[in-house]
Amino acid sequence: MPTYTVKSGDTLFEIAKAHNTTVAAIEKLNPGINPKTLQVGQKIQLPGGGGSRPPSPGPGKGGDIVGEHGGKPGGGGYVNYSGPASAFPPRSEWATYDYLWKQNKKLIRFNASEQEAEWIHQAIETVSRSSQVDVRAILCIIVQESGGNPRIPTTNNGVRNPGLMQSHNGVEFNPAKPKESILQMVRDGSEGTAHGDGLKQLLKKYGNYYEAFRGYNSGSVNKGNLNDPVGATGDYVQKAANRLMGHSWPNM
């Protein structure tokens, strides 16, 4: 039976994903394994052939995770992007999903347990498949809106905004159903609710991610100046772009 040796930064979810299996299947073969206390050098039995996941057939086909493949090495400091969407970095310049997940997981873990972070990871990928919104955009808006805190308080400035993505009158965290409510919070922000648009609808409306982000934050868009807060947060789009590039800055 094949085995895997745990490396620094590994999680069971990432190991399962890389070997085309599931966390449940690995746990079944390794009684007593604790996802929260994996040790570097620990040997884990893998089901079946334990082969790596086959390559995806291509972007947008067969429910793929959009944005999972491709991208640039992340890094660097904060950039004061401004102006219209064309003045912001194109998707081809965004950091890789792997880089962004590893970078942002460190931030998420300040606000969520290891298990909750893993559920957020799974939810982001599940919703990217169903919505065809770039997985990197979903991840970065979660971190921007809530820091990845599933228990983030609901805000209400005329519109009720709950959950990981501070959606339009969607669901809040349910401690009785944590995994399910995390998934629904990500769905609400990405795919919209009965009360308002998510990233999917806004991307269709505006045709690019940066105007969609401004619309998500403000409800309306000054296309010539995406740092115009239009009653909301002035640097919202600028910060989202920096997150997508894998940039780092104090108190990000």
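Helix 7 and helix 8 are oblique to each other, a term for angles that are not under 35 degrees (roughly parallel), over 145 (roughly antiparallel) or 65 to 115 (roughly perpendicular). The structure is a predicted model, in which local features need pLDDT of at least 70 and side-chain atom pairs count only at pLDDT 80 or more, while totals for chains, interfaces and linings use all residues. Residues are numbered from 1 along each chain as its sequence is written, and side-chain values use heavy atoms, with hydrogens and water left out.

Two packed helices are described by the angle between their axes and the distance between the axes. For helix 7 (residues 199–206) and helix 8, the angle is about 125° and the axes are 8 Å apart. Here axes are lines fitted to C-alpha atoms, for helices over the stretch in contact, and angles run from 0 to 180 degrees between N-to-C directions. Helices (H or I, at least four residues) and strands (E, at least two) are DSSP runs, numbered from the N terminus. The crossing of helix 7 and helix 8 is right-handed, a word used if the near helix is turned clockwise from the far one by less than a right angle, with left-handed used if anticlockwise. Helix 7 contributes Leu 199, Leu 202, Leu 203 and Tyr 206 to the contact, and helix 8 contributes Tyr 209, Glu 211, Ala 212, Phe 213, Gly 215 and Tyr 216; contact means heavy atoms within 4.5 Å. These residues divide into eight nonpolar, one polar and one charged, where Ala, Val, Leu, Ile, Met, Phe, Trp, Tyr, Cys and Pro count as nonpolar, Asp, Glu, Lys and Arg as charged, and the others, Gly among them, as polar.

Helix 8 also packs against helix 9 (residues 236–244), where the two axes come within 9 Å and cross at roughly 130°. That angle makes helix 8 oblique to helix 9, and the crossing is right-handed. On the helix 8 side the contact involves Tyr 210, Phe 213, Arg 214, Tyr 216 and Asn 217, which meet Tyr 236, Val 237, Ala 240, Ala 241 and Leu 244 of helix 9. The residues of this contact comprise eight nonpolar, one polar and one charged. Phe 213 and Tyr 216 of helix 8 take part in the contact with helix 7 and also in that with helix 9.

Helix 9 itself is largely enclosed by the rest of the structure, because eight of its nine residues are buried. Buried means under 20% relative accessible area, exposed over 50%, and partly exposed in between (1.4 Å probe, protein chains only). The buried residues are Tyr 236, Val 237, Gln 238, Ala 240, Ala 241, Asn 242, Arg 243 and Leu 244, and the helices against which they pack are helix 3 (97–108), helix 5 (135–146) and helix 8. Just after helix 9, Gly 246 has a positive phi of about 75°.

The loop between helix 8 and helix 9 contains Ala 232, which is partly exposed at a relative accessible area of 35%. Residues up to four places away in sequence aside, Ala 232 touches Arg 214, Asn 217 and Ser 218. Ala 232 and Asn 217 are 15 residues apart along the chain, and their C-alpha atoms are separated by 6.5 Å.

The aromatic side chains form a further theme. The structure holds seven aromatic pairs; rings of Phe, Tyr and Trp (its six-membered ring) pair if their centres lie within 6.5 Å, and planes under 30 degrees apart count as stacked, over 60 as edge-to-face and the rest as tilted. Tyr 81 and Phe 88 form a tilted pair, because their planes stand at 35°, with ring centres 5.9 Å apart. Tyr 81 is buried at 11% relative accessible area, and Phe 88 is buried at 4%. Tyr 209 and Phe 213 form another tilted pair, 6.1 Å centre to centre with 50° between the planes. An α-helix has 3.6 residues a turn, so residues three or four places apart point the same way. Tyr 209 and Phe 213 are four residues apart in helix 8 (residues 209–218) and thus separated by about one helical turn. Tyr 209 is buried at 10%, as is Phe 213 at 1%. One aromatic cluster is formed by Tyr 81, Phe 88, Trp 94, Tyr 209, Tyr 210 and Phe 213.
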